[in-house]
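Have the structure open while you read.

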Amino acid sequence: MSGNNKYKTSQTLFERAVKVIPGGIYGSKSPGFTVPGQFPYFFTEGEGCRVKDADGNSYIDYLCGFGSMILGFGNSVVDDPAIAQIRKGDLLNCPSPVFVDLAERLCDLITGMGWSVFAKNGSDATTLGVTMARVHTGKRRILMADGAYHGSSNWCSANQFPVLDDRDYVHTFPYGDEEALKELFDIYRDEIACIILTPYHHPAYIDQVYPEKSWYPLVESLCEKEGALFIMDDIRANFRLSIKGSHNYFNAHPHLVTMGKSLANGYPIAALMGTPELKKAAGSLFITGTFWTSSVPMVAALHCLEAMEKWEVQSHMNEVGKMLKDGLKSAAEMEGFKVNLTGPDSIPFMTFPDDPDLYHNQIFSASMAKRGVYLHPHHNWFLSYAHKREDIQETIEKAAESFKELTRVN
Ligand code: PMP
């Protein structure tokens, strides 16, 4: 791995990690997912929209704990009541009253949903969702889009297990391809339990894709005809498009909705919500996990929801996100680059045309990291309520320098 003195402590920690942790750092947090040697691997602190790495370097952060920190790091409106709950007790055998408060709050808030169950990670919620769909319909096939990420469980993860049959019943289609979707519904007629979709397509590495107007009406009518459930996996876009759920933003009508990430501003909680008609089927499932009823994240979620609603965080994130997109576009143009900025303004991603290996993305983002801005080269970015216009302005100024640097290696 090429050395960079700026990240010496990160690299030393990584060398220690590989001796005792398979892969050193796994999954999407591994150095291989960014630019090895040119990015920090370990962080020690976060405040507002800034993070500090293990070497003491500070960054304006556009990953936000992979989307979780929607109000910013260390927001006292969420942290103070969460810390008070830690002192009272987090995991108290049976749930605390806040379990009921949070479910009631979410049912009032999220369009069309009449019940909620809680877990820890997004993968718990999506796996519960597809299991529920199978139980409810008595059918086993699952449809999902090529390149969509729904978590690390066996039925959908990047792992392939030749001895397990989870994947034999999962069928993929190119996102937004209406003919391909109709064909799958034809081929597997009477066997489809559910289709699971993200509100818009946000694969890693490539441009983000919005649904056409006809997409959700088609999905819904195919599901209705088949008796299949429509699951909206809102883990990633959660609360950045609409406080009422991203399906509300796109006028879609899912039977089940998964949430996580930003629900509690970084505290570990995920939720599976469903329409009132599915409550009985959900009640027939064995749903549990030792920590799934822990109360601290639920207190955090209640306060996070209140703050998001009161502060109208979506419009702020979209405003600063738009400023970032526009600023990056003009900074790129000044140096003769055309860039694609796709995705919602609050969840943007940038690519360079004719850059299939993301070579330019990597050089650009490594150069930004060197200048104190954390822009992931392969994963969509996130804005938070803590990003202010001054932070965006500073980012754009640094981007102008990084585009200039890119012309030198081009
Ligand atoms: N679904 C989507 C759309 C996601 O983006 C993610 C996480 N990136 C997951 C599910 C899985 O969530 P988790 O990592 O919390 O298990």
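## Ground rules

This is a predicted model, in which local features need pLDDT of at least 70, side-chain atom pairs count only at pLDDT 80 or more, and totals for chains, interfaces and linings use all residues. Numbering runs from 1 along each chain as its sequence is written, and side-chain values use heavy atoms, with hydrogens and water left out.

Start with Ser116, which sits in strand 4 (residues 115–119); helices (H or I, at least four residues) and strands (E, at least two) are DSSP runs numbered from the N terminus. Ser116 counts as buried because its relative accessibility is 13%, where buried means under 20% relative accessible area, exposed over 50% and partly exposed in between (1.4 Å probe, protein chains only). Setting aside neighbours within four places in sequence, Ser116 touches Ala103, Leu106, Cys107, Ala271, Leu272 and Met273 (contact means heavy atoms within 4.5 Å).

The second largest pocket holds about 230 Å³ of space. Of its 13 lining residues, Phe99, Ser116, Val117, Phe118 and Ile287 are the closest to its centre. On a 1 Å grid over the protein atoms alone, a pocket is an open set of points with protein on both sides within 12 Å along at least five of seven lines, a cavity is a set where a 1.4 Å probe fits but cannot get out, and lining residues have an atom within 4 Å of a point. Points are joined across faces, edges and corners, and a volume is the space filled by probe spheres set on them. Helix 3 (98–109) and strand 4 each supply at least two residues of this pocket's lining. By class, the lining has 8 nonpolar, 4 polar and 1 charged; Ala, Val, Leu, Ile, Met, Phe, Trp, Tyr, Cys and Pro count as nonpolar, Asp, Glu, Lys and Arg as charged, and the others, Gly among them, as polar.

## The cavity

How many cavities of 30 Å³ or more are there? The count is 1. The largest cavity has a volume of about 40 Å³, and its lining is Phe349, Met350, Asn361, Phe364, Ser365, Leu375, His376, Pro377 and Trp381. Helix 11 (359–370) and strand 12 (349–351) each give at least two lining residues, with helix 11 giving the most, 3 residues. The lining has 6 nonpolar, 3 polar and no charged residues.

## Aromatic pairs

There are 21 aromatic pairs. Rings of Phe, Tyr and Trp (its six-membered ring) pair if their centres lie within 6.5 Å, and planes under 30 degrees apart count as stacked, over 60 as edge-to-face and the rest as tilted. Tyr175 and Trp215 have ring centres 5.4 Å apart and planes at 55 degrees, so this pair is tilted. Tyr175 lies in the loop between strand 6 (170–173) and helix 5 (178–187), and Trp215 in helix 6 (residues 215–226), 40 residues apart. Trp215 is buried at 1% relative accessibility.

Tyr216 and Phe250 form another tilted pair, 6.2 Å centre to centre with 45 degrees between the planes.

## Charges over rings

Arg140 lies over the face of Tyr169, 4.4 Å from the ring centre. The charged end of Lys388 sits over the ring of Tyr385, 4.3 Å from its centre. For this, NZ of Lys or CZ of Arg has to be within 6 Å of the ring centre and within 35 degrees of the ring normal.
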